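Biologist: Could you put the model up, so that we can go through it together?
Modeller: Here it is.
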Amino acid sequence: MAKQPGKVESAEATKYAALSRDIEECRQEPGSTLDMLHAVQRHFGYLEPQAVGMVAEALGLTKAQLYGVATFYTMFFFEPKPPVIARVCVNLSCHLRGAQDILHTLEEAAKEQHDAFEVEEVMCLGLCEQAPALLVNEEAVGQVSAEEALAKVQACVTTISG
Amino acid sequence: MPVTLTVDGQEVTVPDGSTILDAARKAGIYIPTLCFDTFLKPYGACRMCVVEVERAPKPLSSCNTMAMNGMVVSTKTEPVVHAQQGIMEMTLQHHPLDCPYCDKSGVCDLQHTAYEVGVYRSKLGSDNPNEPDHEFSPLIEWDPNRCIYCGKCVRICDERVGDSALTFNLRGFHSYIGTQFDEPLDCVECGECIEVCPVGALLSRPFMHSGRAWQVNQSESICNHCSVGCQMHVETRMGEVLRTKANPALRDQTPVNTRDRGPGDGMLCTRGRFGYDYIHDDGRVKQPLIRRNGTLEPASWDEALTLVANQIAEAKSQHGPDTIAAITSGRLSDEENYLVSRLMREVVGTNNLDSTERWTFIPTLKTLGPAAFNFSITQMEHMDAFLVVGGDIMESHDVLGMRMRQWVRDQGKALIQVSSLPSRQDSRFAQRVLRVRPGTEEHLVQGLAAELSRQSSNGSAPEELRDYNLETAAADTGIELTDLSETAAQLAQAGSVGIVWALGNWLIGSAGNFAQAAANLALALPEAHLFPLAAKANSRGLVQMGAGADLLPNFRSGDDAQARSALGRLWDVVLPESQGLTLDDLLSGADVSVLYIIGEDLAASARNHQQAQTLLDQAGFVVVQDLFVNSTAAEHADVVLPAVSFAEKTGTYTNLEGRAQRAQAAIPPVGEAKADWQIFTELALQLGARWTYKNSDSVAQEIAAVLADIPTTHSAPRFGWQELPALPSVNGDGKLLLVTQDHLFVPGVTGRYSSNLRRLVEEPVAELHPAQLERLGVSDGEKVGIQANGADVTVTAKANDRLAEDVVYLPVGFPDAPVGALLGAEATVAVSVRAAVPAAEVGSAQPRARNET
């Protein structure tokens with residue numbers, strides 16, 4: 001009864017339908033837990049509990065077990081996130097070449113733009129030779145100044161939201 | 001092949017498959033452990049049990065290293081002790097030493113182990129998160145500070161309970177024991193996690209801070225909430241029951257444990273572990289009550305018993321003994337059911353004695369014969385496949401359900417679940433789920449029987465099953481034909497098949513038919529065994545004691561002259577030969593001058609509510625013997641005799657396998673209440689009998705003699721092809737079918753007096769398919785009125801998309817939603833459901849309201 005107007009509901013329904021197609025595809029392969037969780041995150045932007053319930057049902061596991069697995073990994077989210085995430089490496093080589101500056105600049109900008117994107121500190125991205133390095137969503141960016149990094153992030157925000 | 005090895009210079013021989021820890025303990029050598037538990041699979045996480053093994057490069061954890069021939073093991077060398085002390089220091093670094101305030105103090109594995117390895121503080125200092133407690137559920141609390149991350153709770157929930165509701169969340173230093181999305185626990189709330197926690201991290205919220213280990217007394221007892229018969233301990237302090245817990249002897253930490261862990265395998269469920277507090281509920285009747293000028297007023301035992309005895313004597317002399325009737329209960333002990341039978345038959349002189357077993361257990365017994373009840377849980381474990389039909393055993397016999405999950409998952413047994421309601425077994429344990437239309441379970445089973453017998457005899461079904469086949473079953477039950485034929489094929493290939501059904505409310509009105517259909521199926525299969533599961537703690541004992549109108553001890557029939565005369569000889573009396581009044585006879589309008597109701601809330605639980613009201617209204621004198629002033633007592637009793645709970649008396653209870661187990665009195669009776677056996681004895685003495693029972697055990701001795709003298713006659717099993725009566729017509733112009741079932745958290749009317757269990761289920765809820773709710777114009781959480789047989793029950797509605805659209809599920813056991821009032825005499829009832837009328841009109845049984853389906 002207390003449902004929202006049709007449009008929102010059907011957008012959600014589309015996501016669930018898409019997810020259940022992905023689940024069907026994944027379940028042919030053994031050990032597909034993480035693939036299915038990734039599918040949830042792809043469709044919902046985070047691990048939406050009801051969608052995780054669908055994965056649990058498909059795998060014969062409980063939601064608790066999947067939550068235990070998912071929380072082990074830092075790149076699964078449990079609440080909606082902005083569409084762009086900048087992951088700034090703060091390990092030794094990046095630190096020495098100005099990772100803190102990048103971090104600071106991005107964080108300030110994110111705050112000013114009311115969380116249009118999110119900034120995370122991460123440990124080694126395996127890009128030490130490109131230090132300072134960051135990931136903007138799935139794109140690796142290296143040897144950049146704080147300003148260049150911010151421009152890269154802004155460009156990504158514009159592309160996605162535009 | 002046994003294995004021989006040397007541990008600390010001592011030669012030990014252990015069975016193949018033993019670990020080094022097993023061998024050491026067999027030799028009496030102590031190795032400290034923390035995450036080890038004989039109840040669980042070896043885990044090897046805490047490293048506390050390290051030992052040195054010759055030629056092994058590093059110390060090995062003994063709990064998960066197999067013993068091998070010729071191994072030379074040292075458990076007390078300097079490197080071993082050093083390692084153990086180091087591990088203990090690291091554990092203590094994060095553990096607050098708040099032992100003076102901890103429930104677990106004195107029975108804490110961490111305390112024991114720290115004492116043994118000789119460490120009491122950490123060189124690493126103390127670094128405790130000092131976080132607030134988490135409430136996992138209304139009954140279970142987790143203190144993150146005390147947790148030592150041994151994972152026992154996570155493992156028991158997974159390995160033994162099968163709910164897998166707890167996990168390690170996050171990782172490394174940040175990891176913690178948690179639930180899905182940090183929501184409240186989604187599980188059966190059995191509390192096994194509390195039982196297995198080695199420290200005071202997981203706590204029973206009702207028990208917290210009520211007694212230290214050394215302040216409490218423990219008594220061996222048997223859980224009284226269902227017929228599995230789980231062995232448990234009752235913990236008491238100064239005459240008060242503090243909690244019930246699994247019998248620690250069954251969870252003995254000595255490995256190589258071949259001990260019989262009893263029917264419950266050492267476990268308890270929600271009911272067993274938390275459903276004890278009705279014992280001290282404020283509603284307990286503490287002294288006899290006599291109705292004077294319409295109200296029940298306190299009286300002395302003398303007064304009350306004299307009144308009852310006089311009424312019985314008067315009725316007997318004026319109207320004859322056959323106008324006196326008693327209704328007993330499967331919650332009473334063997335001794336008590338034996339004595340009530342003796343009271344009625346010998347002292348009163350009538351066979352008018354019955355119970356609600358009339359509706360489920362007794363018809364099953366009459367159809368199948370006593371041989372069908374000769375089974376054990378161990379035998380069940382050895383089946384290759386289970387066909388579980390009807391009521392969900394995870395609700396009615398939870399511990400057995402948990403055990404079945406283990407058999408299914410660990411031993412690869414097949415589980416086929418046939419029910420009109422969704423079950424916790426469905427998605428993770430059952431290989432196949434058949435959602436059957438309510439009331440057609442026996443037609444499904446009969447259809448399978450016909451098909452399988454046709455297959456095994458090349459096309460010719462027995463004469464009696466001629467009219468049945470999978471097509472008729474599909475039409476009757478609403479299940480797809482392909483599902484049925486796959487099920488038949490699976491059963492034919494499955495090896496030995498256990499046909500399991502709980503003798504619960506779903507069977508009322510069709511218990512005999514179902515038993516017949518199950519027997520037919522067993523005959524049609526190459527190898528099958530029947531497992532009818534008794535409902536109450538002592539349902540089987542009640543029947544075995546002969547506490548039924550047409551029953552004599554050891555399942556002998558009431559018209560068995562030989563058994564009757566044998567019993568008469570033992571009692572030194574000529575027993576009445578007249579046909580006793582069954583509960584059905586009573587309800588269909590027998591003339592009763594004295595009605596004696598023991599441990600049964602007839603007004604709330606009878607299936608034919610109208611008839612029960614009439615019976616109670618018309619009975620000349622009504623005596624209620626119970627723990628509470630239940631609805632029968634409040635409205636109809638002339639005298640209320642206060643009885644005691646299982647914890648206040650000694651007695652034996654016969655479980656569903658026929659295992660008679662003794663529960664020991666843990667506390668003295670509450671108030672002036674008396675044990676039922678004692679009340680029967682005093683009443684018999686008042687009526688002139690010469691009974692000399694001093695205690696329950698003296699009755700038990702007499703029972704042993706009686707049972708030896710009147711053996712069970714195992715006539716050839718009365719299996720034989722049988723037709724079923726026609727399917728009852730349940731299509732009621734747009735009405736819904738009412739499905740009732742036991743609720744795990746509501747073990748009968750008595751269980752509703754447990755405030756612990758009430759925390760889990762506050763009010764009765766009717767579940768309907770969301771589409772049906774929409775049709776009714778009702779939202780999830782709003783009230784609906786359910787009508788049938790002139791009764792009207794108003795309850796909260798809940799959407800459940802796993803239900804069929806044409807059913808409404810209402811659990812039994814809630815006095816505030818008397819399902820019995822809706823059930824007439826038929827097995828399956830069509831009910832009208834509508835949006836509840838405004839509050840002012842609720843309760844007035846107005847037929848047909850707006851939005852009626």
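Biologist: How much area do chain B and chain A bury between them?
Modeller: Chain B and chain A bury about 1600 Å² between them, and 62% of that is on carbon and sulfur atoms; buried area is the accessible area (1.4 Å probe) that two parts lose on being put together, summed over both. This is a predicted model, in which local features need pLDDT of at least 70 and side-chain atom pairs count only at pLDDT 80 or more, while totals for chains, interfaces and linings use all residues. Residues are numbered from 1 along each chain as its sequence is written, chains are lettered from A and ligands numbered from 1 in the order in which they are written, and side-chain values use heavy atoms, with hydrogens and water left out.
Biologist: Which three residues supply 40% of the area that chain B buries against chain A?
Modeller: Those are B:Arg171, B:Phe181 and B:Arg428, which supply more than any other three residues. In terms of contact (heavy atoms within 4.5 Å), 22 residues of chain B meet 17 residues of chain A.
Biologist: And how many salt bridges are there between chain B and chain A?
Modeller: The count is one, a salt bridge being a side-chain nitrogen of Lys or Arg within 4 Å of a carboxyl oxygen of Asp or Glu. A:Glu57 pairs with B:Arg802, and their closest N and O atoms are 3.1 Å apart.
Biologist: Changing topic, is B:Trp501 buried or exposed?
Modeller: B:Trp501 is buried, because its relative accessible area is 0%, where buried means under 20%, exposed over 50% and partly exposed in between (1.4 Å probe, protein chains only). B:Trp501 lies in strand β21, residues 496-502 of chain B, strands (E, at least two residues) and helices (H or I, at least four) being DSSP runs numbered from the N terminus.
Biologist: What does B:Trp501 touch?
Modeller: Not counting residues up to four places away in sequence, its contacts include B:Thr364, B:Val389, B:Phe514 and B:Leu530.
Biologist: Which residues touch the most other members of the largest nonpolar core?
Modeller: Among its 249 residues they are B:Met404, B:Trp501, B:Tyr596 and B:Ile786, a nonpolar core being a set of buried Ala, Val, Leu, Ile, Met, Phe, Trp, Tyr and Cys residues joined through side-chain atoms within 4.5 Å. Helix α16 (residues 511-524) of chain B gives the most to this core, with nine residues.
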